[in-house]
Amino acid sequence: MFYHTSVMPAEVLEALRVKAGGLYFDGTLGGGGHSLEILRRGGRVIATDLDGDAIAYASALFDGEGFAGRYELIRGNFKNFSAFMDERGVASIDGALLDLGVSSHQFDEPSRGFSYRFDARLDMRMNTDQELSAYDVVNGYTAAELTRILYEYGEEPFAKRIAANIVREREKSPVETTGRLTEIIERSVPHRKGGHPAKQTFQALRIEVNGELDGLGRAVEDIARRLKTGGRICVLTFHSLEDRIVKRTLRTMATDCLCDKSLPVCVCGHKAEVKLVKVNGNGRAGAEELKRNSRSSSATLRVAERI
């Protein structure tokens, strides 16, 4: 069964510099592609994912290649990284990866309700055990709340019009499916180039349902601070909102002084904890990968090394 195509695997593995016996954290397991390559290079892995399907698939994959005993998979949120490491008595790790994209399985499985390409019940939950779903957001949020998340998380210029039309339509009957929501969106916005008219709205709903941006910067900090000296954190982002958070967090961690530049001397005492690592191709997928996997086109790889 196909589950997910890992993005920029060669660049990620080169940046991580995996060493035999080293311990690596994969906070977004997905189909296990990145972790599998770490295991093949002799590393050990602790990985997390909210999706039970991902845990089951990767476990079978790793065991099938003879890696039982060299990995541990946790169904949970990578934002609880510190608690997971403390529970296991892990003081430091050799490297870490966060692939913040949605897995191909989630997008391509109609029943998960992530995509406007299929007509299915609105869902979008990465963790299928949680209560809040896209159905709840679309049918329960006020027009003002919908406008806010569409504008902030989807950067949708027609957020107010889409929200008003959703509210109007749900007064007739609940908006239950991705197909009906897509129809509402298509009627709400003028024709525009650069992708499907529902793309930004679906992104916004997914981010809201899964709390994708909440605590992201803190999680990156926590993971980077548990790296051994010379250990690296690699983060793959897929849209400007999350990339902005990751970029700002790592830059701050790589800066010695955060004082107002008008001050004659430093009074904050802040010291750099990491150094930024330049990635070949400016952190973007190469031409060959873009041909094989179009979803890599929006990916940006950022890397920092503990000092």
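1. Basis of the note. The model is predicted, so local features need pLDDT of at least 70 and side-chain atom pairs count only at pLDDT 80 or more, whereas totals for chains, interfaces and linings use all residues. Residues are numbered from 1 along each chain as its sequence is written, and side-chain values use heavy atoms, with hydrogens and water left out.

2. The cavity. On a 1 Å grid over the protein atoms alone, a cavity is a set of points where a 1.4 Å probe fits but cannot get out; a pocket is an open set with protein on both sides within 12 Å along at least five of seven lines; lining residues have an atom within 4 Å of a point. Grid points are joined across faces, edges and corners, and a volume is the space filled by probe spheres set on the points.

3. Of its 32 lining residues, Thr28, Asp99, Leu100, Gly101 and Met126 are the closest to the centre. Helix H2 (33–40) and strand S2 (44–49) are the elements that give two or more residues to this lining; helices (H or I, at least four residues) and strands (E, at least two) are DSSP runs, numbered from the N terminus. By class, the lining has 10 nonpolar, 15 polar and 7 charged residues. Here Ala, Val, Leu, Ile, Met, Phe, Trp, Tyr, Cys and Pro count as nonpolar, Asp, Glu, Lys and Arg as charged, and the others, Gly among them, as polar.

4. The largest pocket. About 820 Å³ of space lies in this pocket. Its lining comprises 32 residues, and Phe107, Lys199, Gln203, Arg206 and Ser298 lie nearest its centre. Two or more residues each come from helix H5 (104–108) and helix H10 (199–210), and H10 gives the most, with 5 residues. The classes are 8 nonpolar, 17 polar and 7 charged.

5. The second largest pocket. Its volume is about 230 Å³. Among the 13 lining residues, Leu276, Val277, Leu301, Arg302 and Val303 lie nearest the centre. The elements giving two or more residues are helix H12 (240–253), strand S6 (274–277) and strand S7 (300–306); the largest share, 4 residues, comes from S7. The lining divides into 6 nonpolar, 3 polar and 4 charged residues.

6. A search of the whole structure finds 26 salt bridges, each defined as a side-chain nitrogen of Lys or Arg within 4 Å of a carboxyl oxygen of Asp or Glu. In one of them Glu305 pairs with Arg17, the closest N and O atoms being 3.2 Å apart. Because Glu305 lies in strand S7 and Arg17 in the loop between helix H1 (9–16) and strand S1 (23–26), the pair ties together parts that are 288 residues apart in sequence. Glu305 counts as buried at 10% relative accessibility, while Arg17 is partly exposed at 45%; buried means under 20% relative accessible area, exposed over 50%, and partly exposed in between (1.4 Å probe, protein chains only). Arg17, Arg232, Lys275 and Glu305 are linked in a network of salt bridges.

7. Two further salt bridges. Arg75 and Asp129 form a salt bridge with the closest N and O atoms 3.3 Å apart. Arg75 is in strand S3 (residues 71–75) and Asp129 in the loop between H5 and helix H6 (134–140), so the pair ties together parts that are 54 residues apart in sequence. Arg75 is partly exposed, at 41% relative accessible area, and Asp129 is exposed, at 59%. Asp86 forms a salt bridge with Arg226, the closest N and O atoms being 3.0 Å apart. Arg226 counts as buried, at 14% relative accessibility.

8. Glu155 has a positive phi near 50° though it is a residue other than glycine; Glu155 is placed in the loop between helix H7 (143–154) and helix H8 (159–170) and counts as partly exposed at 37% relative accessibility. Asn282, also not a glycine, has a positive phi of about 55°. Asn282 is found in the loop between S6 and helix H13 (287–292) and is exposed, with a relative accessible area of 67%.

9. Surface patch. Leu263, Val265 and Val267 make a nonpolar surface patch of about 290 Å². Patches are made of residues with over 30% relative accessible area and no salt bridge, like charges being joined within 9 Å and nonpolar side chains (Val, Leu, Ile, Met, Phe, Trp, Tyr) within 5 Å. Accessible areas come from the Shrake-Rupley method with a 1.4 Å probe; for residues, only the protein chains shown count as cover. Val267 sits in the loop between H12 and S6 and is exposed, with a relative accessible area of 63%.
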